[in-house]
Amino acid sequence: MKKFLSVILCLGIMVTNTFALEGELGYFGGTTPGTKIPTGIALAQDKFELENNYTLPYKETIYLSGAPVVVSGTLELKPGEMDPDETTGDYKETYIVRAVSDDKQTEISRSLTLETIYVRNDITGQTTKSSQVSNWTETVVTGGKSYFLDEDLSSFSKSMIEDNTPGVKYYSGDVYYNAVYTSGADKLSMKVDSRIYGYDQAFAKSETQKRNITIDTGDNQYYIEETPTTTMSKELAYAGNEPHAISFAGNYKELIKGEGVLTYNMLVGGDLVHEDDLSGTVSVTDNPSLEQLALPFLSQLNGHPAKADVEKMYSMGIFDMNPLGFSPNQVVTRGQYIKMLVKALRIPLPEITTKSKKNAPPIVSPFSDLDINHDLYIYAKAALDAGLVIGGNINADDPLTIEQMITFNVRAIGLLRLGMTVANTQTPFVDDNQISDYAKPSIYAATKIGILPSTNGYIFPQKLVTYQDCAALMNNFIDYLRYDLQKDYNQHMMM
């Protein structure tokens, strides 16, 4: 059993992602399925390191001839890395595209290197970035002509802001560029104004770009709207074992897969383009990867309505108490739930030492009621470093209430502002008058995003959270991160 619990503990540890998050689509209207989310097994390895070079399946639509032509190939991405110990700094990011159409009549070769500088704001947790071109070469063959980028006449500018909440990193920004091409004596320009939105977290990530394109050939102008998007996600499913004489009935597994989709609409195209071809959708997928999740035998839950929820929590490594002594009616403490959130969201664990260096002042816990030798201390410190809790009295041994749990969840994903937009916040629940004032914005936000189910209009905010309650609410919360959050970043924006 000790071995089982140690593996579960390892699955909750995640290295800090200091690589640039944005850019998995490139910046030229193409789409990819995105880079893989690491599995729990990979993260548990002592030698795990994030890659710094990816080659992704790629599709893009070329419009220079006045007609949309889809090309397929690869995007080689070198995202660059920020220094986690520095407030300011710089890095290079490189995007290399090689793609060709199915009929081999259109092809593109592009290499873009950006010099990116950044500055962190420790108060807001946000990072702002600014990028300029250091090298840009591009050749396009289409419509029987070869177009060569004139780097001296072309320009490219990117500005991003990244918000690091405890459990989700959000980012948005803008890209403006003017690409000038020559083909013999002819000259053509393509101006692009693009807005970018994205997020990255333990269960899914997504990026969407809204692009407005103007192509000027001198004789004609073409106008195009594009929405490329990419989503990488983990889907959870149960698989039962068919043999009767096997030591476990089945287990959960996570399928990690990505998909990129590009929609385009030529508002004004070339004279020879058929009306049906002025708009379209392009997609690209990757090869899914699979991870089996360990599941203990919980005989005491046979026939219990919370069985599936509790088993999912054990499978994901969020519940790690001895399954032989597990009781669904036991009350969860605040400290235990903070640990669960840190493990679920894979908030990085700090390096903890209980010995101070020679002549150095003694190491003091930032919590007045949690000693550095306490089993929960490393998780509380991780939560403090991430901004999930503040120092002082953490009340780790106090029982957790429904409203406290929801407040933690909303704070973890940085969406409290959704409950702060209404004056005199009034939640839609019958027992609204039992909700503490401090919790109302979080509960209002939770209802807006759908992570707080009710029972006949009641949420019982002061109810103590049992393990079966915790499993149900946490699984609902994680399903939002797995599936529902992405709707705002692709499905909603592509409608």
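Modeller: Quick ground rule first: buried means under 20% relative accessible area, exposed over 50%, and partly exposed in between (1.4 Å probe, protein chains only). This is a predicted model, where local features need pLDDT of at least 70, side-chain atom pairs count only at pLDDT 80 or more, and totals for chains, interfaces and linings use all residues. Residues are numbered from 1 along each chain as its sequence is written, and side-chain values use heavy atoms, with hydrogens and water left out.

Colleague: Why is Phe326 called buried?

Modeller: Its relative accessible area is 5%, and the cut-off is under 20%, so Phe326 counts as buried.

Colleague: And what makes Tyr314 buried?

Modeller: Tyr314 has 0% relative accessibility, so buried again.

Colleague: What makes Phe28 and Phe156 a tilted pair?

Modeller: Rings of Phe, Tyr and Trp (its six-membered ring) pair if their centres lie within 6.5 Å; planes under 30 degrees apart are stacked, over 60 edge-to-face, the rest tilted. Phe28 and Phe156 sit 6.0 Å centre to centre with 35° between the planes, so they pair, as tilted.

Colleague: Which parts does that pair tie together?

Modeller: Phe28 is in the loop between helix H1 (2–11) and helix H2 (40–44), Phe156 in strand S7 (residues 155–164), so the linked parts are 128 residues apart in sequence. Helices (H or I, at least four residues) and strands (E, at least two) are DSSP runs, numbered from the N terminus.

Colleague: Why is the pair of Tyr314 and Phe326 called edge-to-face?

Modeller: The planes are 75° apart and the centres 5.8 Å, so the angle is over 60 and the distance within 6.5 Å.
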